[in-house]
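Let's take a quick tour of this structure, a few spots at a time. Keep the 3D view open while you read.

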Amino acid sequence: MNVVITVDPRDGRRRTTDLGETDEPQLEAIAGRASQAAQWLSGLGRLGRAETLDRIADVLESRRADLVAAAEAETGLSTARLDGELTRAAWQFRMFADVLRDGGYVEAAIDHAADTPLGPGPDLRRMLVPLGPVAVFGASNFPFAFSVAGGDTASALAAGCPTVLKAHPSHPLTSHACAAAIESAIRDQGGPDGVIGTVYGEQAGRSLVRHPAIRAAALTGSVGAARAIQAAIDERPDPIPLYAELSSVNPIVVLPGAAADRGDRIAGGLFTSFTASGGQLCTKPGLAFVPSDPAGDQLVDALRERVACAGGAVLLNERIRDAYENQAAAFERAGARVSARPQVEAGEGFTVAPTLLEVGLPGLTAEIADECFGPLLIVVRYRDVTELDAALATVPPSLTGAVHHGAADQTAVVRRLVDVLAARAGRIVFDGYPTGVRVSWAQHHGGPWPSTNAVHTSVGATAIRRFLRPLAWQDAPEWILPEELRDEYAAIPRRVDGRLESKTE
């Protein structure tokens, strides 16, 4: 049996764990238990699952100290960052409990039998129901919020889908500890084994999505990882959806009025946004368009000073460290010049220097307008706002696009830029920064390819929609209908005979 190795990215220390890579018989057993657990999880109903999600949040928080310590040793992320992320993970479970109690997510609709212009119409009732067991691939950069205890797991369990997690190799012990916490909470609620399962190893991940019990997969990771998972899915006799959140450059446009009004403040915000968590955030800004005028010069000088004084950033693993250094070198070969890069002592771990690059707008090419995972920002200097429309078309579609505007900037210019960004992003940020994704009902965390491969969000209440499918009942006896579709039920919003009816408290 191959053992799973964990590495401390701060000093490169390796240690062997008690975990082993999941083999085919083990995976078969895990998938089988997930199939058996589906009926229990669905049978809990919305309110029963809501109680279970609340209990999961409670158990995660009760084990906070041990979980944060495990994640810090495996990721090199700070205690404060991980503590906040665990709070977010628990909040996601509680938010989806609220989604379940609200009930509107099932999209219940009732059309009573009636005469229609096309003749007698049958009684039809429709709502969303669970897909069945799903596979979730943990992300390297969020050991809690996008991994075993992350939003994909919370939304899948909320939907009524048992979840099999493929643990990320950057934090296997954290994954194991989070899974144990969730399993404990499920046992507290009387649940069986199989509501949640965990597999380890790349081969296990490929085998997982090929297993006939799995009905969907979710990933936060690279385009390469998505292609490998999709290739495995394509080997199935029956297709399943893959919901993947992938590569994103997240351009920021600073208009001349904004640079003049608050250039130093924008420089500080940009610095924090592209260096936070070692620049290892999917919403990290990779390009900042800054005017070539005196106010823009001052903004870039202020940003340069902050970068020059910065310390080293610890990246999550050796592969990310090497990719960061190679990408930075590729940008320089493509014509971007180094504007600031502090001297950082090389150690045994995966520490790198934050990098600020600069290029004139005519030099912006597809090679430069690419994602670099890590603490690197490219400043693109432009002379006239009329150049920006064509320049933004060079940037790959992203999760976000941001516009900073000031009193002197014309409304028509701002509106035109927003129209351009709206066609190429899933979230438009005004006078702010894309890092820091609020977990809420109105959030959308997605965008056109290559930022995602679907129109769904992976953050916020509507993330549950990925793990549901519509089912209609025609002329069904009332006793067999879900309670949400029975005539007297009024605890959720429903559309009855074409009219939207609010729930009765």
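Start with Ser277, which sits in the loop between α9 (256-275) and β13 (287-291); helices (H or I, at least four residues) and strands (E, at least two) are DSSP runs, numbered from the N terminus. Keep in mind that this is a predicted model, where local features need pLDDT of at least 70, side-chain atom pairs count only at pLDDT 80 or more, and totals for chains, interfaces and linings use all residues. Residues are numbered from 1 along each chain as its sequence is written, and side-chain values use heavy atoms, with hydrogens and water left out.

**Loop residues**
- Ser277 isn't a glycine, yet its phi is positive, about 55°.
- With a relative accessible area of 22%, Ser277 is partly exposed (buried is under 20%, exposed over 50%, partly exposed in between, using a 1.4 Å probe and protein chains only).
- Glu107 also has a positive phi, near 55°, without being a glycine, and you'll find Glu107 in the loop between α4 (79-102) and β3 (109-111).
- Glu107 counts as partly exposed, at 39% relative accessibility.
- Pro450 is in the loop between β20 (425-430) and β21 (468-474), and the peptide bond from Trp449 to Pro450 is cis, with omega near 10°.

**Helix α6**
- Buried residues of α6 include Cys178, Ile182 and Ile186.
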